[in-house]
Amino acid sequence: MSIAKGATLNHISRESSDIRRLADFYQEIFGFEEMKAPDFGEFKVIWLNLPGAFALHLIERSHVTKLPEGPYSATSPVADPSHLPRGHHICFSVSNFDSFVNSLKEKGIQTFQKSLPDGKVKQIFFFDPDGNGLEVAGRSDE
């Protein structure tokens, strides 16, 4: 039995050197909407909301904490989306999978596509501009 009662996803945060670029990406690709965010003074934030789902908090990178910025800052960065099915990623579901995939290709975003073993759910993996792994799952809409 868990100690948390009624747990739901509230938000995911991402630290970035360019929070505006990252916000624009998530707004254009997934339809996130910008929310009013508090003024923290010493650093900038952009808060985004995906209606009916969860919030994404983008936080200006701190050079004091020395946290790795993302997969691209690793000693040997791997920008190959075929590694994402077994790596860290956030997954979204869409109802227009095939047209979504075509839009990514039109934008020149490098992707890796596969299906679950039963073939009922298609998956596409790619990176956001900071190298965070993303998956989109859905059924064929064609």
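In the fold described here, β2 and strand β3 (residues 45–50) pair in the antiparallel sense over three bridges; pairing requires that DSSP finds at least two bridges between two strands. Strands (E, at least two residues) and helices (H or I, at least four) are DSSP runs, numbered from the N terminus. The model is a predicted one, in which local features need pLDDT of at least 70 and side-chain atom pairs count only at pLDDT 80 or more, while totals for chains, interfaces and linings use all residues. Residues are numbered from 1 along each chain as its sequence is written, and side-chain values rest on heavy atoms, with hydrogens and water left out.

Contact here means heavy atoms within 4.5 Å; axes are lines fitted to C-alpha atoms, for helices over the stretch in contact, and angles run from 0 to 180 degrees between N-to-C directions.

In α2 (residues 97–106), Phe-97, Asp-98, Phe-100, Val-101 and Leu-104 are buried, where buried means under 20% relative accessible area, exposed over 50% and partly exposed in between (1.4 Å probe, protein chains only). Seen down the axis of α2, the buried residues fall within an arc of 160°, so they line one face of the helix; the arc is that of the directions from the helix axis to the C-beta atoms. These residues pack against α1, β6 (112–115), β7 (122–127) and β8 (133–138). After α2 comes Gly-108, with a positive phi near 75°.

As for β8, six of its six residues are buried. Gly-133, Glu-135 and Ala-137 point one way from the strand, and Leu-134, Val-136 and Gly-138 the other way. Strand β5 (residues 90–93) pairs with β8 in the parallel sense over four bridges, and Ser-93 has Ala-137 as its bridge partner. β7 runs antiparallel to β8, joined by six bridges, with Ile-124 opposite Val-136. Five residues lie between the strands of the β7–β8 hairpin, where Gly-131 takes a positive phi near 90°.
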